[in-house]
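Please find below some notes on the chain shown here.

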Amino acid sequence: MPLPKKIKKEDIVKAALEIIKTENLDDLTARRLAEALNCSVQPIFYNFATMDELKALVLDTIYQIYKNYMDFGAQQPQPYKGMGIAYVRFARDYPNYFRIIFMSKTDLTAEDFISKDSVGQTVLKHGMAFTGLDREAQKQFHLKVWIFTHGLASLVASGTARLDDVEVDALLTNTVREMIIGHKTLEKETHHA
């Protein structure tokens with residue numbers, strides 16, 4: 001009689017990620033996972049004490065996928081725009097992952113949301129280099145850019161709009177340019193008033 005195949009932690013996480021590409025995280029159960037892995041629930045609870053522990057690792061893995069997209073965007077010739085394009089690309093490539101991370105209820109303010117982690121800090125740094133604004137002014141400016149970019153990404157993730165990288169690039173380039181002109185015009189008006 002052949003030995004049963006050993007199901008590793010990585011196999012379980014990989015199966016969970018596949019399931020939630022199209023299903024809600026709340027619908028991820030031990031039984032659903034066991035079915036996908038063609039095993040009993042025993043290997044799942046051998047590797048994870050609880051489903052919450054597994055879901056936390058799945059969320060960390062999704063976030064790492066997102067972070068890899070953003071790191072790639074930061075390496076582009078225009079990193080501020082590159083990270084905006086990467087944000088929308090992540091929403092297009094992984095719409096359910098995007099919804100899980102960015103379209104779920106949170107207690108964070110919009111300003112906290114955009115600067116809460118290393119990705120947000122990198123975006124702000126590249127934004128400051130692009131606009132020439134100081135950190136506080138860049139945070140306020142980027143909040144508007146993020147709201148626009150998040151709107152694009154949400155439209156893409158929900159299937160409401162299909163935008164390729166060229167279209168996203170043009171929308172970001174034109175809109176951010178207009179935002180900068182508006183910001184500098186308001187700044188001049190405020191200084192001359």
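1. Of the contacts (heavy atoms within 4.5 Å) between residues at least 6 apart in sequence, 65% join residues at least 24 apart. The model is predicted: local features need pLDDT of at least 70, side-chain atom pairs count only at pLDDT 80 or more, and totals for chains, interfaces and linings use all residues. Residues are numbered from 1 along each chain as its sequence is written, and side-chain values use heavy atoms, without hydrogens and water.

2. The chain holds 10 helices and 0 strands (DSSP runs, H or I of at least four residues for helices and E of at least two for strands, numbered from the N terminus). Its radius of gyration (over C-alpha atoms) is 21 Å, well over the 16 Å that the globule rule (2.2 Å times the number of residues to the power 0.38) gives for 193 residues, so the chain is more spread out than a compact globule. Along the principal axes, the C-alpha atoms fill a box of roughly 85 × 30 × 30 Å.

3. Buried residues (under 20% relative accessible area, 1.4 Å probe, protein chains only) make up 41% of the 193 residues. In α5 (residues 79-93), 12 of the 15 residues are buried, so this helix is largely enclosed by the rest of the structure. Among them are Tyr-80, Met-83 and Gly-84.

4. Which residues lie nearest the centre of the largest pocket? They are Tyr-80, Met-83, Gly-84, Val-123 and His-142, from a lining of 26 residues. The largest share of that lining, 5 residues, comes from α5. A pocket here is an open set of points on a 1 Å grid over the protein atoms alone, where a 1.4 Å probe fits, with protein on both sides within 12 Å along at least five of seven lines; lining residues have an atom within 4 Å of a point.

Note on methods:
Expected span 1.5 Å × (residues − 1). Buried < 20%, exposed > 50% of the residue type's maximum accessible area, 1.4 Å probe, protein only.
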